[in-house]
Amino acid sequence: MYEVKQISEFQLPAPVVCCDPYGNGHINDTYLVEDARGNRYILQRINQNVFKDCEGVMTNIQLVTRHISRPDRHNAAQEVLTLVPCHDGMFWHVDGLGEYWRLYHFTRNSICFEQVDSLEVFRESGVAFGNFINQLADFDAAQLTETIPDFHNTPRRYAALREAVAEDAFDRAKTARREIAFALAREEFAATLINLQKSGKMPIRVTHNDAKLNNVLFCKDTRAHLYVIDLDTTMPGLAVTDFGDSIRFGAATGAEDERDLDKVNFSIEHYRAYKDGFLTACTSLTPCETEHLPHGAKMMALECGVRFLTDHLNGDTYFKIGREGHNLDRCRTQFKLVADMEKQWDAMRSS
Ligand code: ADP
Ligand code: GN1
Ligand code: MG
């Protein structure tokens, strides 16, 4: 058992008997905690390299979970991500080193899928994220802090890539010539969504901004979705980028870091299944948003690839890596998906 003494700051009904690292997230440190009565919790240390305003993150999560748990917007039997308070009544603890900690109730008999194992599960994750956007459609996005400024501002991500290439601090640009050229050839497309938003054609909403299959909890028995987790980036954003993030992750036939690119293809069947689930639940999309769902998918694969590539060039300071070249491998899968989507563009648009 790990000795995470910060756990004693939270209001628990019984002493802790177990605390171990948990999950596969790229950003925060997550532990599964169990107390002597068998209650389970998820303890997390927020990554301050990524989140500069941890109080803003925690305040957003409190506001959003409070809004979606209101009795008029979800049925009482449905669970919602729930924070455990500290002894002082706050929902986070800052330790002596200035690290931020929080604790969630763990939902038993739940499962998170790291990869899509059936069309039905993927469709169901579309229902979960569509529902999440719908539940927050009447929540004033201006109340929320932008926890990572310009998070899905793809042109800004390109600017960071250009800087990393120019600097080439780790002499890695030579290992990624093809990927750099692939990204730069699509720079014009990168401004599509931000231009629609700036011209007022596409609305800003409260969105999840990390809308991936592995951020949805499912019931182990029925495989129905329970609720959406990982709300650190829930803030003002575009519905089509939430849609797109899910597609780039779940409509791929291989893992995000698969090295054999022959195994990584874009599946139009998965695209259709997800779109069906998403639109069933998210009934508030405008025609402009619906028209640009394919753009959201291609944008997120491209942007994510650009981010992985930039981190590779910068010496892997943002995404946790498990092996040398991990971020370049991740970049390659994303660009493979972009290329595949371009080939199937007409089918995506008419789906
Ligand atoms: P990260 O930002 O590192 O991805 P997450 O908040 O997504 O962290 O949590 C990591 C993993 O912990 C999830 O993939 C899921 O398996 C598990 N998890 C998180 N919250 C809960 C919860 N409330 N109940 C059960 N499991 C959870
Ligand atoms: C990060 O922590 P995780 O794995 O849910 C990242 C996302 C990326 C994703 C790529 C705050 O999410 O934006 O799409 O990795 N989160 C942040 O897998 O940068
Ligand atoms: Mg996560």
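The tour visits a metal site, then a sheet, then a pair of helices.

This is a predicted model, where local features need pLDDT of at least 70, side-chain atom pairs count only at pLDDT 80 or more, and totals for chains, interfaces and linings use all residues. Residues are numbered from 1 along each chain as its sequence is written, chains are lettered from A and ligands numbered from 1 in the order in which they are written, and side-chain values use heavy atoms, with hydrogens and water left out.

**Stop 1: the metal.** Select the magnesium ion, ligand 3: N215 (OD1) and D230 (OD) coordinate this ion at 2.2 Å. Donors here are N, O and S atoms within 2.8 Å of the metal (3.2 Å for Na, K and Ca); water is not among the atoms, so sites may look incomplete. N215 sits in the loop between β7 (205-207) and β8 (216-219) and D230 in the loop between β9 (225-228) and β10 (235-237), so the pair ties together parts 15 residues apart in sequence. Strands are DSSP runs of E, at least two residues, and helices runs of H or I, at least four, numbered from the N terminus.

**Stop 2: the sheet.** Next, show the open sheet of 5 strands, ordered β1-β2-β3-β5-β4 with antiparallel pairing. Pairing requires at least two DSSP bridges between two strands. β1 (16-21) and β4 (93-94) are at the edges, each with a single partner strand, so one side of each has no neighbour in the sheet.

**Stop 3: the helices.** Finally, select α6 (residues 239-250) and α7 (residues 268-281), whose axes come within 10 Å and cross at roughly 145°. Axes are lines fitted to C-alpha atoms, for helices over the stretch in contact, with angles from 0 to 180 degrees between N-to-C directions. Contacts (heavy atoms within 4.5 Å) link A239, F243, S246, I247 and G250 in α6 with H270, Y271, Y274, K275 and F278 in α7.
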